[in-house]
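Reader: I'm new to this one and would like to learn how to read its strands. Could you walk me through it?

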Amino acid sequence: TLEPTPTVSSIDVTEVDSQAGGNQTIVVTGTNFSAGGTIIFVGNSGTDFNASTTTYNSSTQVTAVAPKSNFLNAQEPYKVKFTSSSGVSGVSANGLINVDTAPSWSTASGSLGSVNENDTGNFTVSATDADGDTIAYSLQSGSLGGLSLNSSSGAITGTPTAVSSD
């Protein structure tokens with residue numbers, strides 16, 4: 001018997017946070033899927049890894065589960081490949097999965113320094129993003145006490161609010 005070649009046309013998750021821990025569940029849509037098949041994620045350099053589990057839903061849909069940490073930023077975008085139990089396979093025409101890696105702080109945690117009363121403060125915090133995404137800085141809680149934060153550069157500048165007493 002001739003087995004039709006499977007096709008992979010789309011997935012429900014297009015971005016994986018590889019640093020979040022745990023597993024990523026991805027529903028794969030295509031044609032000619034069969035029970036007992038395997039989903040394989042193929043990186044842009046050709047390196048690949050199998051899903052931990054592949055569940056057959058129908059001839060047009062399977063569900064794959066894989067550790068988020070297996071998706072490497074340097075290998076994006078990942079293509080998705082379905083291989084039947086008899087070895088017939090089909091791969092997506094394009095990369096379908098990108099990896100979203102959280103920014104890394106270049107500035108160490110802790111105190112940025114101090115400013116004397118009536119002096120001007122000038123500090124900078126910085127981070128880099130492996131994905132090349134734009135980084136936006138914001139104050140999560142508290143107050144900068146007369147200083148302001150530039151949301152695009154990370155610069156903290158201004159004259160601090162005067163203390164009420166020595």
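Author: Happy to. Keep in mind that this is a predicted model.

Reader: How many bridges join β4 to β5, and how do the two strands run?

Author: Strand β4, residues 38–42, is joined to β5 by three bridges, and the two run antiparallel. The general idea is that strands in a sheet pair through backbone hydrogen bonds, in either a parallel or an antiparallel way.

Reader: What is the strand order in the open sheet that holds β5?

Author: The order is β5-β4-β8-β9, so read it across the four strands; the pairing is antiparallel. Here β5 (48–50) and β9 (89–91) are the edges: each has a single partner strand, so one side of each has no neighbour in the sheet. From one strand to the next, the twist averages 20°.

Reader: Now the sheet with β1 in it. Which strands stand at its edges?

Author: That open sheet has four strands in the order β1-β3-β7-β6, with antiparallel pairing. Its edges are β1 (7–11) and β6 (53–58), and because each has a single partner strand, one side of each is left without a neighbour in the sheet. On average, neighbouring strands of this sheet are turned by 30° against each other, direction ignored.

Reader: And how many bridges join β3 to β7?

Author: Seven: they link β3 (residues 23–31) with β7 (residues 61–67), and these strands run antiparallel.

How values were computed:
Residues are numbered from 1 along each chain as its sequence is written. This is a predicted model: local features need pLDDT of at least 70, side-chain atom pairs count only at pLDDT 80 or more; totals for chains, interfaces and linings use all residues. Side-chain values use heavy atoms; hydrogens and water are left out. Two strands pair if DSSP finds at least two bridges between them. Axes are lines fitted to C-alpha atoms, for helices over the stretch in contact, and angles run from 0 to 180 degrees between N-to-C directions.
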